[in-house]
Amino acid sequence: MTRADCVELDRQDPLAGFRSRFALPEGVIYLDGNSLGPPPVAAAAAVGRVISAEWGDGLIRSWNGAGWIEAPARVGDKIAGLIGAGPGEVVVADSTSVNLFKLAAAALSARPGRPVILSDEENFPSDLYIAEGAARMLGAELRLRPRRRLLEGLGPEVGLVLLTQVDFRSGELLDMPGLTAAARAAGALSLWDLSHSAGAMPVHLRAAGVDLAVGCGYKFLNGGPGAPAYLYVAAHLQSELSSPIQGWFSHRDPFAFAGSYQAVAGVERFLAGTPAILSLAALESAVDLWLEADLEAVRSKSVALGELLIGLVESKPELGLTLSSPREAGRRGSQVSFTHPKAYGVIQALIERGVIGDFRPPHHLRFGITPLYTSFCDVHDAVETLAGVIGAGAHLDPRWEARARVT
Ligand SMILES: *Cc1c(COP(=O)(O)O)cnc(C)c1O
C-alpha cells in the first residue's frame, strides 16, 4: 500500500472529522492511546468551568446545584452506552484496581461454598495481584491456568472467573460470550476487565450475559491521567452483592450520618468515598465525545489500520520484527504488537522521532490503534520512521541500555 493509497483511504474515512476534536501536538504520531489517551479539546474548558464556576462560584452548593452528587451515576450511565450495559448498571469510581478488588471480594463473599477465583496466567499482572490479595483476605485461593486450557480449571469450587477481554501484551481478544457462558454453566460468576477493549470496539456486556466488569477511564476512553475508572454489576445481581468498602457514598442516606450501615439499592452501593469531581469533568467530556462516534465504524477502521500496519511491517522483513498479535483481525483488539530483540531501543528511538508507541517486557513493541485520531497516513509514516530507525541502527544507541521508570 503506497502513501497515495493511504491519502485516498483518509479521504474516504467517515471518522476523519474526529481528529480535530483532540488536542494532539504537531509532528507527533501517537500510537499509545491504549495506554494514555490524548485530551479531547473540550476537556480543558470542561475542567476550567468546574474550577471557576462550580467550585469557585458555587462552592459547596455545587454538590446539589451543579450535579456533582449525581456525577458517578450520570457518567456511569453514559459509559453503559459504550459497553452494552443498561442504565443503572455502571458507576464511575476509584481506580480499576480498587474496583476490581471490590467486585472480586463481593463475588467471593456471595458464593461462600466456592472459594476459588479462576484466571489465566497471562492476565494483566496487577489484576492477578489484586485477586490474590482479595482471595487471601477471604480464605479463598487464586487458581491460574494457561489461557488455552482455562476451562480445565473450572470446577464446582470456582466462585469467580476473572478475565481481561483484550490482552495488554499481544492484543488478543478473548471470547467473552463463550467464556462467560462456560463460567455460568459451571455455577461461577464472571468478572471482565475492559481496560483494553472499551472505546476500541463495541462491547456487549448484557448480550454476553456478563455478571461483573471493570474498566479504565484513561486509555481508549481519553479521560486523562489517573481518570476515575468504572464498574458494572448486572442488574439482577445488585441486591445480592455487597461492597467490602462500605463507605458513606454507598450508604442509603449518607447525610443522615446514621450509626449503622445500610447499603443503597443499585450499583451505587459500590461507591466508597467522595468522587473526584475535577477528574470526572474531564472524563465526562471525553465520554460525551465517544457517544457521538459509531463504535462499529471505530472497529472497522481499527481493523483496517491494524491490517495496514501489519502489512507494511511484514513487507520489510529486513526490520527483523515478528508479529506477536493474533494475525486474524477478529481475534485482535485495537493494538498490534511485534517482538524485536532490541524492542526498548527501537521504541525509544521512535519516540525521539515523534512516533510514540510503547515497550512491554520482554521484547514487545506495542502500537495502539485509535481510529478517532489516527489516520492511514499516520500508520504509513510511522512504519517509514521505524524503517529509518532500524536501518540507521538508532535503536542500538547506548542511551537505551537503561530503562526509564515508566516504559
Ligand atoms: C490499565 C489496566 C489497569 C489499570 O489499573 P489502575 O488501577 O488504573 O492502575 C488494570 N487492568 C488492566 C487490564 C489494565 O489494562
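Student: A polar contact is a pair of N or O atoms within 3.5 Å; within protein, one must be able to donate a hydrogen and the other to accept it, and residues adjacent in sequence count only if both atoms are side-chain atoms. Which backbone oxygen lies 2.7 Å from a polar atom of the side chain of Ser250?

Tutor: The backbone oxygen of Gly247. Keep in mind that this is a predicted model: local features need pLDDT of at least 70 and side-chain atom pairs count only at pLDDT 80 or more, while totals for chains, interfaces and linings use all residues. Residues are numbered from 1 along each chain as its sequence is written, and side-chain values use heavy atoms, with hydrogens and water left out.

Student: Where does Ser250 lie?

Tutor: In the loop between strand S8 (229–233) and helix H9 (277–292). Helices (H or I, at least four residues) and strands (E, at least two) are DSSP runs, numbered from the N terminus.

Student: Is Ser250 buried or exposed?

Tutor: Ser250 is buried, with a relative accessible area of 0%. Buried means under 20%, exposed over 50%, and partly exposed in between (1.4 Å probe, protein chains only).

Student: What is Ser250 in contact with, leaving aside neighbours within four places in sequence?

Tutor: Contact means heavy atoms within 4.5 Å. The partners of Ser250 include Ile245, Tyr261, Gln262, Glu268, Arg269 and Leu271.

Student: New topic. What volume does the largest pocket have?

Tutor: About 410 Å³. A pocket here is an open set of points on a 1 Å grid over the protein atoms alone, where a 1.4 Å probe fits and protein lies on both sides within 12 Å along at least five of seven lines. Volume is the space filled by probe spheres set on the points, and points are joined across faces, edges and corners.

Student: Which residues that line the largest pocket are closest to its centre?

Tutor: Phe124, Ser126, Asp127, Tyr218 and Lys219, out of 25 lining residues. Lining residues have an atom within 4 Å of a point.

Student: Which helices each supply at least two residues of that lining?

Tutor: Helix H5 (96–110) and helix H6 (125–137). H6 gives the most, with 4 residues.

Student: How do the residues of the lining divide?

Tutor: Into 9 nonpolar, 9 polar and 7 charged. Ala, Val, Leu, Ile, Met, Phe, Trp, Tyr, Cys and Pro count as nonpolar, Asp, Glu, Lys and Arg as charged, and the others, Gly among them, as polar.

Student: How many salt bridges does a search of the whole structure find?

Tutor: 26. The test is a side-chain nitrogen of Lys or Arg within 4 Å of a carboxyl oxygen of Asp or Glu. One of them joins Asp13 and Lys301, at 2.6 Å from N to O. Asp13 lies in the loop between helix H1 (3–12) and strand S1 (29–30), and Lys301 in helix H10 (residues 295–314), so the pair ties together parts that are 288 residues apart in sequence.

Student: Are Asp13 and Lys301 buried or exposed?

Tutor: Both are buried.

Student: What forms a salt bridge with Asp94?

Tutor: Lys102, with the closest N and O atoms 2.6 Å apart. Asp94 is partly exposed at 34% relative accessibility. Lys102 is buried at 0%.

Student: And what does Arg148 form a salt bridge with?

Tutor: Glu172, the closest N and O atoms being 3.2 Å apart. Arg148 sits in the loop between strand S4 (141–145) and strand S5 (158–164), and Glu172 in the loop between S5 and helix H7 (176–185), so parts 24 residues apart in sequence are tied together. Arg148 is exposed at 62%, whereas Glu172 is buried at 8%. Salt bridges that share partners join Asp120, Arg147, Arg148, Asp167, Glu172 and Arg331 into one network.

Student: Backbone geometry now. Is the peptide bond from Pro361 to Pro362 cis or trans?

Tutor: Cis, with omega near 5 degrees. Most peptide bonds are trans. Pro362 is in the loop between strand S12 (358–360) and strand S13 (364–368).

Student: What is phi of Leu59?

Tutor: Near 50 degrees, a positive value in a residue other than glycine. Most residues other than glycine have a negative phi. Leu59 is in the loop between helix H2 (41–57) and helix H3 (62–65), partly exposed at 49%.

Student: And phi of Phe257?

Tutor: Near 50 degrees, again positive in a residue other than glycine. Phe257 is in the loop between S8 and H9. At 57% relative accessibility, Phe257 counts as exposed.
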